[in-house]
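Please look over the sequence and the model before reading on.

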Amino acid sequence: MSPAGPGAAAGRGGRQPGEVVLSVRGLSTQYVTPEGIFRAVRDVSFEVRRLERVGIVGESGSGKSALSLSILGLIDPPGQVTAGQVCLNGRDIRALRERDLQAVRGKEISVVFQDPMTGLDPIKPIGDQITEAIRAHQDVSRSRARQLAIGLLRDVEVPAAARRIDDYPHQYSGGMRQRVMIAIALANQPDVLIADEPTTALDVTTQAQVLDLLERLAAERGTAVILITHNLGIVAEFCDTVQVMYAGRVVERGTARQLFSHSVHPYTEALLKAVPRTGSAGEPLFAIGGLPPSLARLGAGCSFEPRCPVGHGQQVCVSQPPEPARFGGPGGEVIAECHFARQRHAAAAGPGGAGQ
Ligand code: ADP
Ligand code: MG
């Protein structure tokens, strides 16, 4: 049994996630602009275990990237992290000076962004960029680092790696550049990799290849992955655990199994309905009515209330923020922030109760 208990991030293919490697507590981040203070991350807490694959989903603007940048200590003005802890291997990295944080970033925790060109220097050969990443954290000679870099390029299945290592980024395709970013991110065998929409810019076939690769290489290195995406199909394929973000908060969290079969939060249900299905060509896609709220003008109640088919106009939803409600079940734990969570969970579990 995993330390998290039965079913909790039990992993697929027999992987057994172990101890907590990343613990985020009460993290809050805001952007201060002339138009107002945008509360992009609001008191978010969660844990990630070794080898766990956590998906973070939510509409554009829900704070997914702000959350990942906050974890990495990469929020730039006008943004600021206003509260919280980010404990990596038991140490609060928010308390570190920038120099010490740089020693952690790329070694214990690393990131792959959506656009590989933001992470690659266009005027430097690929090989130099990989060897720099290696030598920033490992005491190896230039020639040894080059050997390691060629090995990494082979790992990410760049053809003719020994020759193409001296190419420049523009000589690689988008998919190949993203493989290079994965090679760099995994070069020092980090405990946690944050991949922020890593395949969104790629075509569907390349997307699947890159994700397969990421899955295999992260598992080989013992790396936990936080995968940010707006594609629930990808989450279903790849993730053990899912966190649904709405207006800066994680409104539902659970095992992928549990969430896809018995989502509790009306927003998660709406997202699931909005997934395009095969065979639905020509049918109109379900769209979630209305728009997410402005993060500069959040009301006192549940931020999904104006769009919520369940709670819209309900006094409690308008006036009070929902507390997190926790449920066990055969597929693992679910935590949902909804005033109607209990009724919804009982209804989803069907006759025979909540599956406790
Ligand atoms: P997501 O990644 O989920 O699409 P983001 O984390 O990028 O969303 O953004 C969350 C919110 O943070 C945005 O809706 C916006 O209000 C605010 N925000 C993000 N970046 C900036 C910025 N550079 N300046 C001002 N506000 C920002
Ligand atoms: Mg984003």
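**The chain as a whole**

The structure is a predicted model. Its protein chain contains 13 helices and 12 strands. Of the 356 residues in the chain, 51% are buried. Among contacts with a separation of 6 or more, 64% are between residues 24 or more positions apart. The accessible surface of the chain amounts to about 16400 Å², and carbon and sulfur atoms account for 52% of that surface.

Helix H7 covers residues 174-186 and has 13 residues. From its first C-alpha to its last, H7 reaches 18 Å, close to the 18 Å expected at 1.5 Å a residue. Because 12 of its 13 residues are buried, H7 is largely enclosed by the rest of the structure. The buried residues of H7 include Gly-175, Arg-177, Met-181, Ile-184 and Leu-186. Their packing partners are strand E6 (109-112), helix H3 (116-119), helix H4 (126-135), H5, strand E7 (192-196) and helix H8 (204-221).

Helix H11, made of residues 266-273, is mostly covered, with six of its eight residues buried. These are Pro-266, Tyr-267, Thr-268, Ala-270, Leu-271 and Leu-272. The buried residues of H11 pack against several elements, among them strand E3 (53-57), E9, strand E10 (249-255) and helix H13 (341-349).

**A pocket and a cavity**

Rolling a probe the size of a water molecule over the atoms shows where empty space is left.

The second largest pocket has a volume of about 530 Å³. It is lined by 20 residues, and those closest to its centre are Gly-106, Gly-119, Ala-133, Met-181 and Ile-184. The elements E6, H3, H4 and H7 each give two or more residues to this lining. By class, the pocket lining consists of 10 nonpolar, seven polar and three charged residues.

The largest cavity has a volume of about 60 Å³. Its lining is formed by His-265, Pro-266, Cys-302, Phe-304, Glu-305, Cys-308, Gly-311, Cys-317, Glu-337, Cys-338 and His-339. Six of these lining residues are nonpolar, three are polar and two are charged. Pro-266, part of this lining, is also one of the buried residues of H11.

Ile-71 belongs to helix H1. Its relative accessible area is 2%, which is under the 20% limit, so Ile-71 is buried. Leaving aside neighbours within four places in sequence, Ile-71 is in contact with Leu-22, Val-24, Leu-27, Phe-46, Val-86, Ile-93, Ile-109 and Ile-194. The C-alpha atoms of Ile-71 and Gln-85 are 8.8 Å apart, and the two residues are 14 places apart in sequence.

Gln-243 lies in strand E9, which runs over residues 241-246. Gln-243 counts as buried because its relative accessibility is 0%. Not counting residues up to four places away in sequence, Gln-243 touches Phe-46, Val-54, Gly-55, Ile-56, Val-57, Val-250, Glu-252 and Arg-253. Phe-46 is a contact of Ile-71 and also of Gln-243.

**Backbone features in loops**

Most residues other than glycine have a negative phi, and most peptide bonds are trans. Where does the chain hold a cis peptide bond? Such a bond joins Pro-77 and Pro-78, with omega at about 10°. Pro-78 is situated in the loop between helix H1 (64-72) and strand E4 (79-88).

Asn-89 and Ala-160 have a positive phi, although neither is a glycine. The table sets out their values.

| Residue | Phi | Loop | Relative accessibility |
|---|---|---|---|
| Asn-89 | about 50° | between E4 and strand E5 (91-92) | 37% |
| Ala-160 | about 55° | between helix H5 (142-155) and helix H6 (161-164) | 40% |

At 37% relative accessibility, Asn-89 is partly exposed. Ala-160, at 40%, is partly exposed too.

Terms used:
Residues numbered from 1 in each chain as written. Chains lettered and ligands numbered in written order. Predicted model: local features only at pLDDT ≥ 70, side-chain atom pairs only at ≥ 80, totals over all residues. Heavy atoms only, no water. Helix = DSSP H or I, 4+ residues; strand = E, 2+ residues; numbered from the N terminus. Buried < 20%, exposed > 50% of the residue type's maximum accessible area, 1.4 Å probe, protein only. Contact = heavy atoms within 4.5 Å. Expected span 1.5 Å × (residues − 1). 1 Å grid on protein atoms, 1.4 Å probe; cavity = no way out; pocket = protein on both sides within 12 Å on 5 of 7 lines; lining within 4 Å. Points joined across faces, edges and corners; volume = space filled by probe spheres on them. Nonpolar A, V, L, I, M, F, W, Y, C, P; charged D, E, K, R; others polar. Areas by Shrake-Rupley, 256 points an atom, 1.4 Å probe, with all protein chains shown as cover.
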